[in-house]
Amino acid sequence: MMIRIKHILKLIVTPVIQKQWYSDLLIVIPRVLCGLWLTAMFGADKFGMPWTADSQNLSLFEVSAWFPEDVASYGGIFAMFPVFFAWMGAFSEAVGGLLLLLGLKTRIASFLIMCTMLVAIFMQKWDQGLWGMLPALGFLWVALYNLILGSGRFGLDYLISKKLK
């Protein structure tokens, strides 16, 4: 059982390493930028983080009051559990963005970010046309890329994967 868990953990954590270091450097740039923007701008406006502006009046890990109402307007299951989905969406942007920035648990963070961006695209941005969807689409593609490749050699996952061997 422990061997199986360790094997699964290795699969999730171990990034795909490119042959040349500069190829991994090209992978890190969009990962770091998107992680920074998600956690510092998009997530911090909805979710209390240490760097959330004081004007937001949010405690640590608290969701903005307006966000569950916004999520409930999507209808269906979102209307049934708006606080849960608002917390998950805000968490995936703020904390998932931080994890993406650091290259830590990159694939897990990427999956959460992908789910959030798909909801944003189809439930919130769809009627705004392509220009309105572009930020969410950009984050979606970077998350998809990092879900497949992991953090590359310039992330904490790479250091952890070396210790797991």
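Mentor: Please note that the model is predicted: local features need pLDDT of at least 70 and side-chain atom pairs pLDDT 80 or more, whereas totals for chains, interfaces and linings use all residues. Residues are numbered from 1 along each chain as its sequence is written, and side-chain values use heavy atoms, with hydrogens and water left out.

Phe67 is buried, at 8% relative accessibility; buried means under 20% relative accessible area, exposed over 50%, and partly exposed in between, with a 1.4 Å probe and protein chains only. A search of the whole structure finds eleven aromatic pairs. In one of them, the rings of Trp66 and Phe67 are edge-to-face, because their centres are 5.3 Å apart and their planes lie at 70°. Trp66 itself is partly exposed, with a relative accessible area of 42%. A stacked pair is formed by Phe122 and Trp126, at 5.2 Å centre to centre and 25° between the planes. Phe122 is partly exposed at 48%, and Trp126 is partly exposed at 48%. For these assignments, rings of Phe, Tyr and Trp (its six-membered ring) pair if their centres lie within 6.5 Å; planes under 30 degrees apart are stacked, over 60 edge-to-face, and the rest tilted.

One aromatic cluster consists of Phe47, Phe61, Trp87 and Phe91. Phe61 lies in the loop between H2 and helix H3 (66-72), where helices are DSSP runs of H or I of at least four residues, numbered from the N terminus. Phi of Phe61 is near 65°, a positive value in a residue other than glycine, and Phe61 is partly exposed at 43%. Lys105, in the loop between H5 and H6, also has a positive phi, of about 50°, although it is not a glycine. Its relative accessible area of 29% makes Lys105 partly exposed.

Ile113 touches Leu38, Ser92, Gly96, Gly97, Leu100, Phe139 and Ala143, not counting residues up to four places away in sequence; contact means heavy atoms within 4.5 Å.

In the largest nonpolar core, which has 14 residues, Ile113 and Met117 touch the most other members. H2, H6 and H7 each supply at least two residues of this core, and the largest share, six residues, comes from H7. Apart from it lies another core, of eleven residues, among them Phe47, Met49, Val71 and Ala94. A nonpolar core is a set of buried Ala, Val, Leu, Ile, Met, Phe, Trp, Tyr and Cys residues joined through side-chain atoms within 4.5 Å. In soluble globular proteins, nonpolar side chains tend to be buried together.

Finally, the structure holds zero disulfides, a disulfide being a pair of cysteine sulfur atoms within 2.5 Å. The sulfur of Cys34 is 17 Å from the closest cysteine sulfur, in Cys115, and is therefore too far away for a bond. Cys34 is buried at 8%, whereas Cys115 is partly exposed at 33%.
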